[in-house]
Amino acid sequence: MSKLRFFTGIQASGTLTLGNYLGAIYPILKIQDECEIIIIMIADLHSLTVPKPNFNYRKNCYEIASLLYACGLKEEKCKIFIQSEIKEHTELAWLLSPYITVGELGRMIQYKEKKKSEETGNLALLSYPVLMVADIFLYDADLVVVGQDQQQHLELAKNIAKNFNNFCGKELLKLPTFDIPKFGAKIMDLKDPTKKMSKSGNDYISLLDEPEKIVKKIKGALTDSEEKIYYDPAKRPGISNLITIYALLNDQKKEEAERELQNSNHYQFKLKLIDLLNKKLSVIQKSYSDYFFRIQEIVEKNNKHLKILAEKKMFLIKKELKLK
Ligand code: AMP
Ligand code: TRP
């Protein structure tokens, strides 16, 4: 058995969308058996960058952790933990801060976009990628998976690691393999398929949506006037997005899905998709309730497990910096 140590982070803000499921969770399910351990961090500290009054971060962490297990991640293999419970994350972020310039951080697309939309240039929004870099290096992961929108932050991680390792004269920060899932990595908004499906948008599918909501949302999804079903994301973003969703849920290549759907019209295709989605979601939702009941206990155990790894790594780093 291979000894792959996998790491990823997911923000604690609202529920999980179909985009999270197909873009981020699905690829993990696919490789779970090849990994020795799958570490999933619920990034509650990252979610604080845009403060939300009255938002219950902890409850949200438990909901997300339960949903992740309900999607099929195995408890023995997959350690889901809460970022703010392990103080080494913020500590390492501080220790790495001298190895990146404010100019570089200011060029991050996500920072520029959020700064515009939130009308704030707060310090946490700017320094967010440094915390992400700390997350990445704290567990000596072999494989780190992120969504397409996080690509620039990975480049930053490489730069910081290079600068830091140069300073130390050894490879203290181990560069993992970074992976960005390709097909299906980006699920688009149902009403505006030129935009990514996101929980901050109005038209996303939540993994906890009831069947009636799914019917309404899929029936209302924007398509076009050409009846035939085929994949062409540039000219036909709406129908192509639905094909992507359908193919992934069915474990098919998009060409296979196209072939299967070639004699269907939009209406028939949407009914098939509704049926498929509701079947998948009902399995997830049933398992979610079971997990939610005992998630606190599971996560606390995971936090303890990972805290030991994080402390070990921090000790080595602090020793190198003569802080020990
Ligand atoms: P977020 O919900 O933005 O914290 O993202 C968590 C993970 O899900 C990241 O790896 C994202 O890239 C991925 N993700 C979020 N929305 C989508 C989407 N619409 N399509 C594909 N992946 C997504
Ligand atoms: N920033 C990531 C996102 O918004 C979440 C995240 C935080 C992450 N730390 C990470 C992902 C470390 C991978 C590795 O999706």
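This is a predicted model: local features need pLDDT of at least 70, side-chain atom pairs count only at pLDDT 80 or more; totals for chains, interfaces and linings use all residues.
A polar contact is a pair of N or O atoms within 3.5 Å; within protein, one must be able to donate a hydrogen and the other to accept it, and residues adjacent in sequence count only if both atoms are side-chain atoms.

Residues are numbered from 1 along each chain as its sequence is written, chains are lettered from A and ligands numbered from 1 in the order in which they are written, and side-chain values use heavy atoms, with hydrogens and water left out.

**Overall fold**
- Twelve helices and five strands make up the secondary structure of the protein (DSSP runs numbered from the N terminus: H or I of at least four residues for helices, E of at least two for strands).
- The C-alpha trace spans about 70 × 45 × 40 Å along its principal axes.

**Ligand 2**
- Around ligand 2 stand F7, G9, Q11, M41, H46, Y128, M132, D135, I136, V144, V146 and Q150 (each with a heavy atom within 4 Å).
- Y128 places a polar side-chain atom 2.5 Å from a nitrogen atom of ligand 2.
- The side chain of Q11 has an N or O atom 3.2 Å from an oxygen atom of ligand 2.
- On its own, ligand 2 has 370 Å² of accessible area, and the protein covers 91% of that (Shrake-Rupley method, 1.4 Å probe).
- β1 (4-11) and α7 each give two or more residues to the shell, and α7 has the largest share, with four residues.
- Seven shell residues are nonpolar, four polar and one charged (Ala, Val, Leu, Ile, Met, Phe, Trp, Tyr, Cys and Pro count as nonpolar, Asp, Glu, Lys and Arg as charged, and the others, Gly among them, as polar).

**Second largest pocket**
- The second largest pocket holds about 410 Å³ of space (a pocket is an open set of points on a 1 Å grid over the protein atoms alone, with protein on both sides within 12 Å along at least five of seven lines; lining residues have an atom within 4 Å of a point).
- A93, W94, S97, S127 and V130 are the closest to its centre of the 19 lining residues.
- α7 gives the most to this lining, with seven residues.
- The lining has 13 nonpolar, six polar and no charged residues.

**Cavity**
- There is one cavity of 30 Å³ or more (a set of grid points where a 1.4 Å probe fits but cannot get out; grid points are joined across faces, edges and corners, and a volume is the space filled by probe spheres set on the points).
- The largest cavity contains about 60 Å³ of space.
- T49, Q110, Y111, K114, L125, Y128, P129 and H153 line the largest cavity.
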